[in-house]
Amino acid sequence: MKTTPLAALHESLGARMLPFAGWEMPIQYQGIVAEHKAVRESVGIFDISHMGQFYASGNSVADWLNSLLTNDTGKLGDGEGQYTLLLNEKGGVIDDMIIYRISADEFFLVVNAARIDEDWAWFQKHCPADITLRNESDHFAGVAVQGPKAKAAWKAVFPDCDLPEKNGILEKDDWVVCRTGYTGEDGFEFFSPADQIETWFQNFLDAGAQPCGLGARDSLRLEKCFPLNGSDLNESNTPLEAGLGFFVKLDKGCDFTGSDVLQKQKSKGLKQKLVALKATGKGPPPRGGYDIALPGGEIIGQLTSGGQSPVLACGIGMAYVPIELADLGTEIEVVVRDRRYPLEVVKKPFV
Amino acid sequence: MNVPDHLKYTESHEWIDGSEVVTVGISDHAQEELTDVVYLELPEIGRTVKKGEAIAVIESVKAANDIYAPVSGEIVEINEPLGEAPEPVNNDPFGDGWMFKIKTSNASEIDELLNADAYRQLIS
């Protein structure tokens with residue numbers, strides 16, 4: 001089990017720690033609902049030291065990444081970033097990530113903690129001689145500062161330095177800041193050498209950010225229908241089925257791993273789709289892994305994610321369903337401890 | 001942490017009040033561990049329960065947890081309003097947050113429960 005460099009600080013803040021992706025991480029401090037609302041209404045700070053960071057460089061790095069990832073690196077100028085996906089040959093998702101163009105011959109990649117080893121192995125295996133890869137995941141620790149007051153918190157800590165634009169990146173001294181996040185609010189992810197992160201975390205706390213755990217991170221992203229890799233995204237479903245077609249550029253002028261499968265799927269039409277489901281009545285929170293069924297009928301699958309929405313105060317979830325059940329308003333049931341509760345297909349996002 | 005002296009406790013964090021018919025809830029410590037309780041599934045009145053049996057489910061935003069019968073007997077009353085609004089479990093765990101009442105079938109089981117001091121030690 002890996003320990004974050006912020007472990008001692010988390011303990012002093014009253015965090016409850018649990019294993020996540022091989023790391024001992026804070027799940028909550030004050031409580032998930034309070035932390036969730038702090039991010040929606042003010043500003044919260046998350047430890048994201050577990051996330052992975054790679055650098056890829058070389059003259060042809062943009063073209064090389066285009067041959068492996070779904071989005072189009074050609075759309076990026078210096079200092080700009082994009083959400084993109086790494087697929088296997090069947091079009092299934094190995095990982096989703098955000099990549100940034102530092103310069104024409106250098107990119108910065110931020111990947112999921114649980115997938116650092118798989119991603120790294122995949123990139124290395126497909127790396128030509130003129131591309132240099134660096135895995136800086138152990139060097140960097142990080143925090144995500146999120147919420148409508150995130151910008152103000154930044155200004156309090158860095159009065160003489162502006163945040164980059166939305167999805168942008170700024171490298172300065174020995175830290176990196178990216179104007180992104182996983183909550184649907186404005187904010188940034190800040191990476192520094194591990195031995196400095198406690199000072200930065202404390203600075204952002206002093207600037208008004210409330211410490212938030214992975215529990216709130218999950219409920220925040222679920223309300224916005226941001227997929228979680230390993231749950232909503234997996235190696236058997238394609239990004240088109242996951243509703244991420246916007247980040248799949250089949251017309252970017254080159255093939256990428258899995259593009260032939262996606263092309264076929266696009267021309268034939270999807271057979272299933274990841275939909276947003278909302279409880280229509282009172283019931284227990286629908287959780288990831290629970291069976292879903294036709295009303296009064298057969299089991300048709302499982303929720304890939306689910307829980308109680310702190311903002312809506314009702315159950316929400318996501319699941320892959322056959323395309324004929326993907327229309328808005330379709331009624332589906334969730335099975336909780338052998339009892340059934342009604343859900344309805346609703347528009348994404350929930351909030 | 002509030003641990004009223006006049007109650008008995010279990011290692012799974014239920015509190016028990018009374019002798020022949022006992023009232024059961026979860027402790028202040030338990031509600032704080034769970035935080036944000038959002039749903040409660042209570043046993044049916046008339047159900048016969050065995051000590052240690054999982055007979056209710058409490059759900060926080062985070063997870064679903066079982067609640068165990070601290071003694072054997074019959075469920076004679078449940079705190080129905082909690083099914084609609086479980087907030088008292090967090091706000092008033094020893095008062096309005098009570099969950100069900102059991103008519104005990106073996107009174108000696110109550111003597112085996114933890115007293116307040118023993119429970120304080122358990123959670124310290």
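1. Let's start with the layout of chain A. The centres of domain 2 and domain 3 of chain A, taken over C-alpha atoms, are separated by 34 Å. Keep in mind as you look around that this is a predicted model. The division of chain A runs like this: domain 1 covers 2-49 + 138-223, domain 2 covers 53-133, and domain 3 covers 271-346. Note that domain 1 is written as two stretches, 2-49 and 138-223.

2. Over all chains, the structure holds 22 salt bridges.

3. Ala21(A) is not a glycine, yet has a positive phi of about 50°; you'll find Ala21(A) in the loop between β2 and β3 of chain A. The other is a cis peptide bond joining Lys348(A) and Pro349(A), with omega at about -10°. Pro349(A) sits in the segment after β20 (339-346) of chain A. For background, most residues other than glycine have a negative phi, and most peptide bonds are trans.

4. Now for chain B. It has an open sheet of 6 strands, antiparallel in its pairing, in the order β1-β2-β3-β9-β8-β5. At the edges are β1 (8-9) and β5 (48-49) of chain B, each pairing on one side only. Within that sheet, β2 (residues 14-17) and β3 (residues 21-26) of chain B run antiparallel and are joined by 4 bridges. One place to check this is Glu14(B), whose bridge partner in β3(B) is Ile26(B).

5. How do the two chains meet? In the model, 17 residues of chain A are in contact with 16 residues of chain B. Together the chains bury about 1400 Å², with 49% of that on carbon and sulfur atoms. Across the interface there are 13 residue pairs in polar contact, counting pairs with both residues at pLDDT 80 or more. On the side of chain A that touches chain B, β3 (23-28) and α2 (32-41) each supply at least two residues. The residues on that side of chain A split into 8 nonpolar, 5 polar and 4 charged.

6. Which residue does Arg287(A) form a salt bridge with? The partner is Glu59(B), and the closest N and O atoms are 2.7 Å apart. Between chain A and chain B the count is 4 salt bridges.

7. Glu59(B) turns up again among the residues touched by Tyr290(A), alongside others including Pro285(A), Leu303(A) and Val335(A). Tyr290(A) is in the loop between β15 (272-279) and β16 (291-293) of chain A. From Tyr290(A) to Thr304(A) is 14 residues in sequence and 8.3 Å in space, C-alpha to C-alpha.

Definitions and conventions: Residues are numbered from 1 along each chain as its sequence is written. Chains are lettered from A and ligands numbered from 1 in the order in which they are written. This is a predicted model: local features need pLDDT of at least 70, side-chain atom pairs count only at pLDDT 80 or more; totals for chains, interfaces and linings use all residues. Side-chain values use heavy atoms; hydrogens and water are left out. Two strands pair if DSSP finds at least two bridges between them. Contact means heavy atoms within 4.5 Å. Buried area is the accessible area (1.4 Å probe) that two parts lose on being put together, summed over both. A salt bridge is a side-chain nitrogen of Lys or Arg within 4 Å of a carboxyl oxygen of Asp or Glu. A polar contact is a pair of N or O atoms within 3.5 Å; within protein, one must be able to donate a hydrogen and the other to accept it, and residues adjacent in sequence count only if both atoms are side-chain atoms. Ala, Val, Leu, Ile, Met, Phe, Trp, Tyr, Cys and Pro count as nonpolar, Asp, Glu, Lys and Arg as charged, and the others, Gly among them, as polar. Domain bounds come from an automatic or database domain assignment. Lists of a residue's contacts leave out its neighbours within four places in sequence.
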